[in-house]
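Q: I would like to learn how to read a few local features of a protein model, taking them one at a time. Could we begin with the structure itself on view?

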Amino acid sequence: MQILKRDHFECQDCIKRARTAEKFNGVVMRVARATEVHHIVEYKERPDLGLEDENLVSLCTSCHNLRHGRRPRMFQPQKKRVTEEKW
């Protein structure tokens, strides 16, 4: 929560993308609300940096998924739900 407050609950990747778009194209983009905290240097690589403020950044879910190479939710195949048979 401390990192989210530090970054004003704004996704830092969206901010960078918005500034770039405005600078080069004159387009004003929306900055998403940050709901997740990302380790810049992955925790499994450097556990000693796990709680260092300089190694943490606030991101929205979409940008966090992009950083980890995950597909957006809308493109993931739907799982079949197991339901009880009704007689």
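A: Let us start with His8 in this predicted model, a residue that counts as exposed because its relative accessibility is 61%, above the 50% cut-off.

Q: Where is the place of His8?

A: His8 sits in the loop that lies between α1, residues 2–6, and α2, residues 12–25.

Q: What should I look for in the phi of His8?

A: As a general idea, most residues other than glycine have a negative phi. His8 is not a glycine, and yet its phi is positive, at about 60°.

Q: Which phi does Phe9 have, and is Phe9 buried, exposed or partly exposed?

A: Phe9, which is not a glycine either, has a positive phi of about 55°, and the place of Phe9 is likewise in the loop between α1 and α2. With a relative accessibility of 23%, Phe9 counts as partly exposed, because this value falls between the cut-offs of 20% and 50%.

Q: Where is Gly50, and is Gly50 buried or exposed?

A: Gly50 belongs to the loop between β1, residues 36–39, and β2, residues 56–59. Its relative accessible area is 3%, so Gly50 is buried, the cut-off being under 20%.

Q: Which residues does Gly50 touch, leaving aside those up to four places away in sequence?

A: Gly50 touches His39, Tyr43 and Leu56 when those sequence neighbours are not counted. As for His39, it is 11 residues from Gly50 in sequence, while the distance between the two in space is 7.0 Å, taken from C-alpha to C-alpha.

Technical notes:
Residues are numbered from 1 along each chain as its sequence is written. This is a predicted model: local features need pLDDT of at least 70, side-chain atom pairs count only at pLDDT 80 or more; totals for chains, interfaces and linings use all residues. Side-chain values use heavy atoms; hydrogens and water are left out. Helices (H or I, at least four residues) and strands (E, at least two) are DSSP runs, numbered from the N terminus. Buried means under 20% relative accessible area, exposed over 50%, partly exposed in between (1.4 Å probe, protein chains only). Contact means heavy atoms within 4.5 Å.
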